[in-house]
Amino acid sequence: MAAQQRLNDSEVAAEMNKMVSFIKQEALEKAREIKVKADEEFNIEKAKLVRQETIAIEAFYQKKTKQADVARKIAQSNHVNKNRLRVLEQRQNVLNDLFSDVRTKLVTISEDASKYEKLLKDLLLQTFFQLMEKKVAVQCRKKDIAVVQKAIAEAQAEYKLKVNSEVEAVIDQTNFVPESSAGGVIVTANDGRFLLNNTLEARLELLSDAMLPDIRVLLFGVSTTRAFYN
């Protein structure tokens, strides 16, 4: 085999330039690949961070929105409750004034002697039926002694007629209903162990409690928030 022909200087330089150009091209392509990959990874990481921040911001504003909504509802509830309490207070004032007026008019009941005597008879008869005792003591105002004595006799007669039994009723001369009272009687039995308060004030108190729901309806109408009725 013939010996390989040696390259001259110009040919060597040309070959070297080709190799350098090839290496440069490879390097450029590799650099482009690295840049593209780096850009892709950067964009992915950036998108991930943006998404995370977006979620955090949305969560923050959702929390703030919920807090604002809760605060608004609390403020609204407090406002409604304050108005409701104000209305209830005003209604109670109306009821208090009404019962106060009635109490002041109680004193006029005893001014009509015949009607007052009948009322006393009914009050006494009620206590006789409730106690069902053979002997009772009757307390009254000092100024009512005479009319109460008459009422006792009438109540005793009616009691005997209805239950076929007698009851001894005497006026308690040591304990009187205060003169400031509108009238009525207090009846005791068994040395005071049993006591029934049938003064006009006590009867009004019982009547007020019993009729309060109906009075509220008459004055203020049916409650729109009431769920149950007796």
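Here is a short tour of this predicted model, starting with its sheet and moving on to the helices and the core.

**The sheet**

Four strands make up an open sheet, in the order E2-E1-E3-E4, and their pairing is mixed. The edges belong to E2 (168-171) and E4 (194-199); each has a single partner strand, so one side of each has no neighbour in the sheet. On average, neighbouring strands here are turned by 20° against each other, direction ignored.

E1 (residues 135-139) and E3 (residues 184-189) run antiparallel and are joined by three bridges. If you want a spot to look at, find Gln139, which stands opposite Ile186 in E3.

**Helices on the sheet**

| Helix | Residues | Strands involved | Direction |
|---|---|---|---|
| H2 | 113-131 | touches E1, E2, E3 and E4 | about 20° with E3 |
| H3 | 145-163 | lies across E1, E2 and E3 | about 175° to E2 |

Let's stay with H2 for a moment. How far apart are the end C-alpha atoms of H2? They are 27 Å apart, and since 19 residues at 1.5 Å a residue should span 27 Å, the two values agree. Just after H2 comes Met132, with a positive phi of about 50°.

Quite a few residues of H2 are buried, including Tyr116, Glu117, Lys121, Leu125 and Leu131. Thr127 also has its place in this helix. Is Thr127 buried or exposed? With a relative accessible area of 0%, it falls under the 20% cut-off, so Thr127 counts as buried. Leaving out residues up to four places away in sequence, Thr127 touches Val187, Leu196 and Asn198.

In soluble globular proteins, nonpolar side chains tend to be buried together. In this model, the largest nonpolar core has 26 residues, and the ones touching the most other members are Leu124, Phe128, Val136, Val138, Val148 and Val185. Two or more residues each come from H2, E1, H3, E2, E3 and helix H4 (200-220). H2 gives the largest share, seven residues.

Note on methods. Residues numbered from 1 in each chain as written. Predicted model: local features only at pLDDT ≥ 70, side-chain atom pairs only at ≥ 80, totals over all residues. Heavy atoms only, no water. Pairing = 2+ DSSP bridges. Axes fitted to C-alpha atoms, helices over the stretch in contact; angles between N-to-C directions. Contact = heavy atoms within 4.5 Å. Core = buried A, V, L, I, M, F, W, Y, C linked by side-chain atoms within 4.5 Å. Buried < 20%, exposed > 50% of the residue type's maximum accessible area, 1.4 Å probe, protein only. Expected span 1.5 Å × (residues − 1).
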